Amino acid sequence: KGGKVQGPVVYDPNQATFDSEAGQVVANNPDAYVIIDYPDTYAKMGASLVRTGKFDAAKLFIPDALFFPTVPSNIAKQAIEGARVTAGGTPKGTDAAKLFEELWQKAGGAEHYSLDANSFDSTIICFLAAAAAKSAEPAAVTAKIRDVAAPGAKQYGVTNLGDALKAVTAGEKINYVGVAGAFDFGENGDPTISLFDIFEYKDGKLGEIFIDMHKEG
């Protein structure tokens, strides 16, 4: 859309500092930064970016690996304040979301993390596919994934998993709609429908949601 990209700048996570790489990131005063990293490494990279005196975290976009309700103390505030972060989203107010939260709290109520609902749904899809295949062999399970997440087939979810299990065991195709929503896999097995939440870090914590983005393709 007319934009220009400089970089990418790649760095070894085992480096003591990232001052040289940070200088490359802020060179030419770009309008935005995209940094794909993990917390421990970004603690060092963020410090190097701040030391340049040219870094503005309000222009920073980061992925769900740097999603946390409270910013770790080893990440400098100036390195993340105002940054936008994506996280795998979960539809609000559905029966599936309510049940998932109820079970989550009963299991101890640990702090939620990005993609926890997606991880749960992935496990359920594999479970249903294994039941449909009547096998735990990876190839057999893979072959049945589309049969349990088939758009247009009868819908089932976490609130009626028993009925879903009976259906797939009887050889029926079903459309599992999980806690994170519906699934539709592309030709090569990639998910083509995803819900993302976009947050902004304010005062070291996640700020309000900017947008719920339902993306296809």
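Modeller: The expected span of a helix is 1.5 Å times one less than its number of residues. Helices here are DSSP runs of H or I with at least four residues, strands are E runs of at least two, and both are numbered from the N terminus. What we have is a predicted model, where local features need pLDDT of at least 70, side-chain atom pairs count only at pLDDT 80 or more, and totals for chains, interfaces and linings use all residues. Residues are numbered from 1 along each chain as its sequence is written, and side-chain values use heavy atoms, with hydrogens and water left out.

Biologist: How far apart are the end C-alpha atoms of α3?

Modeller: Helix α3 has twelve residues, so at 1.5 Å a residue the span should be 16 Å. The model agrees with that, putting the end C-alpha atoms at a distance of 17 Å.

Biologist: Within what arc do the buried residues of α3 fall?

Modeller: Buried means under 20% relative accessible area, exposed over 50%, and partly exposed in between (1.4 Å probe, protein chains only). In α3, the buried residues are Ala96, Ala97, Phe100 and Trp104. Looking down the helix axis and taking the directions from that axis to the C-beta atoms, these residues line one face of α3, because they fall within an arc of 95°.

Biologist: And which residues are exposed on the other side of α3?

Modeller: The buried residues of α3 are covered by elements including α4 (116–133). Over on the other side, the exposed ones are Asp95, Lys98 and Lys106.

Biologist: How many salt bridges are there?

Modeller: For a salt bridge, you want a side-chain nitrogen of Lys or Arg within 4 Å of a carboxyl oxygen of Asp or Glu. By that rule the count comes to six.

Biologist: How many residues apart in sequence are the parts that aspartate 19 and arginine 51 tie together?

Modeller: These two side chains form a salt bridge at 2.7 Å, N to O. Aspartate 19 sits in helix α1 (residues 19–26) and arginine 51 in helix α2 (residues 39–51), so the pair ties together parts whose separation in sequence is 32 residues.

Biologist: Is aspartate 197 buried or exposed?

Modeller: Aspartate 197 meets lysine 92 in a salt bridge of 3.7 Å, N to O. Aspartate 197 belongs to strand β6 (residues 193–202) and lysine 92 to the loop between β3 (84–88) and α3 (95–106), so the pair ties together parts 105 residues apart in sequence. Lysine 92 counts as exposed because its relative accessibility is 59%. Aspartate 197, with a relative accessible area of 5%, is buried.

Biologist: Which residues does leucine 49 touch?

Modeller: Contact means heavy atoms within 4.5 Å. Leaving out residues up to four places away in sequence, leucine 49 touches Ala22, Val25, Val26, Ile35, Tyr42 and Phe55.

Biologist: How many aromatic pairs does a search of the whole structure find?

Modeller: Rings of Phe, Tyr and Trp (its six-membered ring) pair if their centres lie within 6.5 Å; planes under 30 degrees apart count as stacked, over 60 as edge-to-face and the rest as tilted. With that rule, the search of the whole structure gives a count of eight.

Biologist: What is the angle between the planes of phenylalanine 68 and tyrosine 201?

Modeller: Phenylalanine 68 is buried, with a relative accessible area of 9%, and tyrosine 201 counts as buried at 0% relative accessibility. The pair is tilted, with the rings 5.9 Å centre to centre and the planes at 35°.
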